[in-house]
Amino acid sequence: MNWKLGIMFMCILWISCEESTMTAFEKEIETFYKVFEEEAYNRGVDLSIDEFDLHTELTFIDDSNAIGFCRIYADGDQEIVLDQVYWDNASDNEKEYLLFHELGHCVLGRDHNNSENEMGTCTSIMQSGTGACNLRYNEFNRSSLLDELFLN
Ligand SMILES: [Zn+2]
């Protein structure tokens, strides 16, 4: 083997090792986070989730009312915890909603907002889940909910 071939071989090994260290869940999360950054960017908000010390974890959450939460530690570390049972049964749309809500807390620093329109539908992704408004997140209102998320 000559030296050029040797270096190429090492690169291929390196790349495949990098990829195999990511779990299927981490890859899935990364895809949603990219969409979050893109949607922010499309609205003039330039952010990179990598710049936050954000760790995302899938686990069984004891509190039956919680499907996810964002925790911010005193040292700035952040953690998004998602409920395994909910996640495993959620559609892509439901997963995006949940993640974007938690990123709203962790990355955008937003609190809950239970505002509703005249139909009683929540006008913010940041609705608490315990308020009176009805949550709808679909192809018809996704764009306006994302406007509200990034521009408030
Ligand atoms: Zn929340």
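**Figure 1. The residue that follows helix α2.** Helix α2 is followed by G44, a residue whose phi is positive, near 80 degrees. Helices (H or I, at least four residues) and strands (E, at least two) are DSSP runs, numbered from the N terminus. The model shown here is a predicted one, in which local features need pLDDT of at least 70 and side-chain atom pairs count only at pLDDT 80 or more, while totals for chains, interfaces and linings use all residues. Residues are numbered from 1 along each chain as its sequence is written.

Figure 2. Helix α2 covers residues 24-42, and at 1.5 Å a residue its 19 residues should span 27 Å, which agrees with the 27 Å between its end C-alpha atoms; the expected span is 1.5 Å times one less than the number of residues. The buried residues of α2 are I29, F36 and A40. Seen down the helix axis, these buried residues fall within an arc of 35 degrees, so they line one face of α2; the arc is that of the directions from the helix axis to the C-beta atoms. A residue is called buried if 20 or more other C-beta atoms lie within 10 Å of its own, exposed if 12 or fewer, and partly exposed in between, with C-beta atoms placed from the backbone. An α-helix has 3.6 residues a turn, so residues three or four places apart point the same way. The face of α2 turned away from its buried side carries the exposed residues A24, K27, K34, E38 and N42. The buried residues of α2 pack against β1 (54-59), α4 (92-106) and α5 (142-151).

**Figure 3. The largest nonpolar core.** A nonpolar core is a set of buried Ala, Val, Leu, Ile, Met, Phe, Trp, Tyr and Cys residues joined through C-beta atoms within 7 Å. The largest one has 18 residues, of which L98, F100, L103, I125 and L149 touch the most other members. The elements that give two or more residues to this core are α2, β3 (78-83), α4 and α5, and α4 gives the most, with six residues. Leaving aside its neighbours within four places in sequence, F100 is in contact with F36, I125 and L149; two residues are in contact if their C-beta atoms, placed from the backbone, lie within 7 Å.

Figure 4. Three strands form an open sheet in the order β1-β3-β2, with mixed pairing, where two strands pair if DSSP finds at least two bridges between them. The edge strands are β1 and β2 (68-72), each of which pairs on one side only. Strands β2 and β3 run antiparallel and are joined by five bridges, and C70 stands opposite I80 in β3. Helix α4 packs on the sheet, touching β1, β2 and β3, and its direction makes about 20 degrees with that of β2; axes are lines fitted to C-alpha atoms, for helices over the stretch in contact, and angles run from 0 to 180 degrees between N-to-C directions.

**Figure 5. G120 in its loop.** G120 is found in the loop between α4 and α5. This residue is exposed, with 9 other C-beta atoms within 10 Å. Although G120 and C133 are 13 residues apart in sequence, they are 5.3 Å apart in space, C-alpha to C-alpha. Not counting residues up to four places away in sequence, G120 touches C133 and N134.
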